[in-house]
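Subject: Structure handover

Hello,

Please find the structure below, followed by notes on what was found in it.

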Amino acid sequence: MVLVTSGAAWAGGATLAAYGATKAFDLILAESLWAEWRTRGVDVLGLVLGKTDTPSMRRAFDAEGKPYGELADPDEVAAAALDHLADGPTWIYGSDTPTGGSPFGALSRRDAVLAMSRGASAHGDDA
């Protein structure tokens with residue numbers, strides 16, 4: 001089982017309250033199910049994504065006339081998730097340390113929240 005979450009699971013941000021809360025729920029659910037089911041032979045992976053090339057992401061950027069920048073390829077993300085399904089509970093796609101830590105590294109929680117808020121602002125939301 002793969003539950004897709006995002007870096008927003010680790011830090012709130014301006015205009016991201018509901019999104020971040022659902023992603024945090026997904027992450028904790030994946031980790032908890034992994035812990036409960038791993039001895040029964042069920043693999044569970046919380047797949048943490050950053051910016052990924054999806055129709056929704058493109059619509060958000062297009063609406064603001066912003067460049068896409070570097071986006072992860074969905075096919076590569078899916079292949080990585082399947083390749084690392086047994087490496088749960090958490091896999092951070094594109095990270096140098098995909099099984100450990102926050103995608104925000106050593107940033108304090110406060111600085112992570114401010115970074116998330118700036119990201120929301122870059123998408124045209126008020127931060």
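A salt bridge here is a side-chain nitrogen of Lys or Arg within 4 Å of a carboxyl oxygen of Asp or Glu. With that criterion, the side chains of Arg-58 and Asp-53 form a salt bridge, at 2.5 Å from N to O. Keep in mind that this is a predicted model.

Salt bridges
A search of the whole structure gives 2 salt bridges. The Arg-58 and Asp-53 pair is described above; Arg-58 is partly exposed, at 31% relative accessibility, and Asp-53 is partly exposed as well, with a relative accessible area of 24%. Lys-23 and Asp-26 also meet through their side chains in a salt bridge, with an N to O distance of 3.8 Å. These two residues lie 3 residues apart in helix H1, so about one helical turn separates Lys-23 from Asp-26. Buried means under 20% relative accessible area. Lys-23 has 17% relative accessibility and therefore counts as buried. Asp-26 is buried too, with a relative accessible area of 18%.

Sheet
The model has an open sheet of 3 strands in the order E1-E2-E3, with parallel pairing. Strand E1 (2-6) and strand E3 (90-92) are at the edges; each has a single partner strand, so one side of each lacks a neighbour in the sheet. On average, and ignoring direction, neighbouring strands of this sheet are turned by 25° against each other. E1 is joined to strand E2 (residues 45-49) by 5 bridges, and the two run parallel. Ser-6, for example, has Leu-49 in E2 as its bridge partner. Helix H1 (residues 17-37) packs on the sheet and touches E1, E2 and E3. The direction of H1 makes about 140° with that of E1. Helix H1 is also the helix that holds Lys-23 and Asp-26.

Confidence
For the protein chain, the mean pLDDT is 85, and 92% of the residues reach 70 or more. Over residues 123-127 pLDDT stays under 50. For that stretch the model has 10 contacts beyond four places in sequence.

Regards

Terms used. Residues numbered from 1 in each chain as written. Predicted model: local features only at pLDDT ≥ 70, side-chain atom pairs only at ≥ 80, totals over all residues. Heavy atoms only, no water. Pairing = 2+ DSSP bridges. Helix = DSSP H or I, 4+ residues; strand = E, 2+ residues; numbered from the N terminus. Axes fitted to C-alpha atoms, helices over the stretch in contact; angles between N-to-C directions. Contact = heavy atoms within 4.5 Å. pLDDT = per-residue confidence, 0-100. Buried < 20%, exposed > 50% of the residue type's maximum accessible area, 1.4 Å probe, protein only.
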